[in-house]
Amino acid sequence: MKDKNKTPEVNDLLRDAVNAAEEAQEKESVADTNGDTDSVNASQAEKKDETQRESQETVENEKQENIKDESSSESKDSDETLSVRYMRLQADFQNFRRRSEQEQINTVRYANERLILQLLDVVDNFERALATEKEHDTFFEGMEMIHAQLREILTKNGVEAVEADGEAFDPNLHHAILTEESDTVEEGHVIETLQKGYKLNGKLIRPAMVKVAK
């Protein structure tokens with residue numbers, strides 16, 4: 001009877017031990033689950049931090065590359081600007097040198113323009129005197145020789161007469177003093193040269209004074 005009374009107590013103890021073991025196992029399982037969750041969360045956090053660091057590094061690298069590209073572009077633009085400025089300066093210098101050379105040539109070619117204009121007045125007087133002379137004596141012939149010699153000297157120095165009689169009136173070469181109707185000369189053409197015009201090395205130094213048909 002005594003043993004039978006102890007059996008339920010043993011069973012109760014065994015049941016309590018089993019329940020305690022199960023509870024302990026459940027707690028351990030929950031703890032393991034929580035630990036795994038924490039580990040996963042920690043791993044995810046580390047991955048997130050690593051991703052952020054990589055992203056930040058990428059941004060920094062891109063910034064550095066952009067700075068390098070901008071610096072390289074600015075350097076290239078600066079080199080191109082210097083090259084263009086150098087080419088312009090070189091072209092300006094070449095133009096300046098050509099202008100200077102041309103000015104020197106013109107100075108030499110037209111240095112005697114004032115003197116020649118004065119000599120042309122002498123030529124005009126010679127021609128008027130010869131035109132009015134009726135007797136062709138030795139004096140007249142001497143005057144003609146002097147006139148021819150003077151004209152030859154002027155020609156050798158680049159002086160040439162402007163053609164006018166019968167030519168179409170050209171305001172760049174002729175200066176109209178009179179206009180009149182003419183049956184022999186076409187309208188707008190020169191009837192008569194009142195004073196000869198002259199060029200010096202192709203440059204008009206004195207326009208021809210003319211009478212023009214209307």
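Start at the N terminus and follow the chain: the elements run α-α-α-β-β-β-β-β-β. That comes to 3 helices and 6 strands. What you see is a predicted model. Now show the whole surface. The protein exposes about 16,900 Å², and carbon and sulfur atoms supply 50% of that area. Of the 214 residues, 14% count as buried. Among contacts between residues at least 6 apart in sequence, 63% join residues at least 24 apart.

**Stop 1**

Select β1 (159–162), β4 (197–200) and β5 (203–206). These 3 strands form an open sheet in the order β1-β4-β5, with antiparallel pairing. Which strands stand at the edges? They are β1 and β5. Each has a single partner strand, so one side of each is left without a neighbour in the sheet. Look along the sheet for its twist, which averages 40 degrees from one strand to the next.

Zoom in on the pairing of β1 with β4. The two run antiparallel and are joined by 4 bridges. Pick Val162 and look across: Gly197 in β4 stands opposite.

**Stop 2: the helix on the sheet**

**Stop 3: a salt-bridge network**

Side chains of opposite charge can pair when their charged atoms come close. The count here is 8 salt bridges. Select Asp121, Asp124 and Arg206, which are linked in a network of salt bridges.

Take Arg206 with Asp121 to begin. Their closest N and O atoms are 3.6 Å apart. Arg206 is in strand β5 and Asp121 in helix α2, 85 residues apart, and the pair links distant parts of the chain.

Next, check the cover. Is Arg206 buried or exposed? Arg206 is buried, because its relative accessible area is 10% and the cut-off for buried is under 20%. Asp121 is partly exposed, with a relative accessible area of 41%.

Now move to Asp124. Asp124 forms a salt bridge with Arg206, and here the closest N and O atoms are 3.0 Å apart. Asp124 lies in helix α2 and Arg206 in strand β5, so this pair ties together parts that are 82 residues apart in sequence. Both Asp124 and Arg206 are buried.

**Stop 4: a salt bridge between two strands**

Select Lys211 and Glu180. Their side chains meet in a salt bridge, at 3.8 Å from N to O. Where do the two partners lie? Lys211 is in strand β6 (residues 208–213) and Glu180 is in strand β2, 31 residues apart. Lys211 counts as buried, at 13% relative accessibility. Glu180 is partly exposed, with a relative accessible area of 33%.

**Stop 5: a nonpolar patch**

Stay with β2, residues 174–180, and find Ile177 in this strand. Together, Ile177, Leu178 and Leu194 make a nonpolar surface patch of about 250 Å². Ile177 counts as partly exposed, at 43% relative accessibility.

**Last stop: a loop residue**

Select Asn201, in the loop between β4 and β5. What is the phi of Asn201? The value is near 50 degrees, which is positive in a residue other than glycine. Most residues other than glycine have a negative phi. Asn201 is partly exposed, with a relative accessible area of 25%.

Methods. Residues are numbered from 1 along each chain as its sequence is written. This is a predicted model: local features need pLDDT of at least 70, side-chain atom pairs count only at pLDDT 80 or more; totals for chains, interfaces and linings use all residues. Side-chain values use heavy atoms; hydrogens and water are left out. Buried means under 20% relative accessible area, exposed over 50%, partly exposed in between (1.4 Å probe, protein chains only). Contact means heavy atoms within 4.5 Å. Accessible areas come from the Shrake-Rupley method with a 1.4 Å probe; for residues, only the protein chains shown count as cover. Two strands pair if DSSP finds at least two bridges between them. Axes are lines fitted to C-alpha atoms, for helices over the stretch in contact, and angles run from 0 to 180 degrees between N-to-C directions. Patches are made of residues with over 30% relative accessible area and no salt bridge: like charges are joined within 9 Å, nonpolar side chains (Val, Leu, Ile, Met, Phe, Trp, Tyr) within 5 Å. A salt bridge is a side-chain nitrogen of Lys or Arg within 4 Å of a carboxyl oxygen of Asp or Glu.
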